[in-house]
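Here is a short report on one protein chain. Please look over the sequence and the model first.

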Amino acid sequence: MNEWISVYQAANSLEAHTLKGSLEVSGIRVQLQGEALSGALGELPANAVEVTLLVRAQDLEQAQLILEPYRRGAGPAWYCRRCGEHNAGSFETCWQCGHEADTTE
């Protein structure tokens, strides 16, 4: 049961790596497919450079649960208290410094 299954289609490499990190922190191994195509941007249709996140079949359910808040676009945008960086509401940690979002606001 070592089959890899698509769990998410990221719009670009940055989104793919951000989500890959979120899954790996939870112990889920992730492979990225299509990342090398981003170098051809401009010569390929925009949807051809999407990056697919693949997880092992046994991790699919857990990966879907982890990605669900991101898919919903959970919460409003927020500013990091540590570095002041603006973060999308779907981020639980600051993309700049890694500080966790203050959930008391």
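What does the accessible surface of the protein chain come to, and what percentage of it belongs to carbon and sulfur atoms? The surface is about 6,800 Å², and carbon and sulfur atoms hold 50% of it. Areas come from the Shrake-Rupley method with a 1.4 Å probe; for residues, only the protein chains shown count as cover.

This is a predicted model: local features need pLDDT of at least 70, side-chain atom pairs count only at pLDDT 80 or more, and totals for chains, interfaces and linings use all residues. Residues are numbered from 1 along each chain as its sequence is written, and side-chain values use heavy atoms, leaving out hydrogens and water.

**Fold.** The protein chain has 2 helices and 5 strands. Along the sequence they run β-α-β-β-α-β-β. Both kinds of element are DSSP runs numbered from the N terminus: helices are H or I with at least four residues, strands are E with at least two. Among contacts with a separation of 6 or more, 48% join residues 24 or more positions apart. Contact means heavy atoms within 4.5 Å.

**Core.** Of the 105 residues, 26% are buried. Buried means under 20% relative accessible area, exposed over 50%, and partly exposed in between (1.4 Å probe, protein chains only). The largest nonpolar core has 15 residues, and Val7, Tyr8, Leu23, Leu53 and Val55 touch the most other members. At least two residues each come from β1 (4-10), α1 (13-25), β3 (51-56) and α2 (60-72). The largest share, 4 residues, is from α2. Such a core is a set of buried Ala, Val, Leu, Ile, Met, Phe, Trp, Tyr and Cys residues joined through side-chain atoms within 4.5 Å. Leaving aside residues up to four places away in sequence, Val55 touches residues including Trp4, Val7, Leu23, Ile28 and Leu60.

**Salt bridges.** The structure holds 3 salt bridges. Each needs a side-chain nitrogen of Lys or Arg within 4 Å of a carboxyl oxygen of Asp or Glu.

| Pair | Closest N and O atoms |
|---|---|
| Lys20 and Glu24 | 3.0 Å |
| Asp59 and Arg56 | 2.8 Å |
| Asp102 and Arg81 | 2.7 Å |

Asp102 lies in the segment after β5 (86-87) and Arg81 in the loop between β4 (78-79) and β5, so this pair ties together parts 21 residues apart in sequence. Asp102 is partly exposed at 30% relative accessible area; Arg81 is exposed at 57%. Lys20 and Glu24 sit 4 residues apart in helix α1, about one helical turn. Asp59 is buried at 10% relative accessible area, and Arg56 is buried at 16%.
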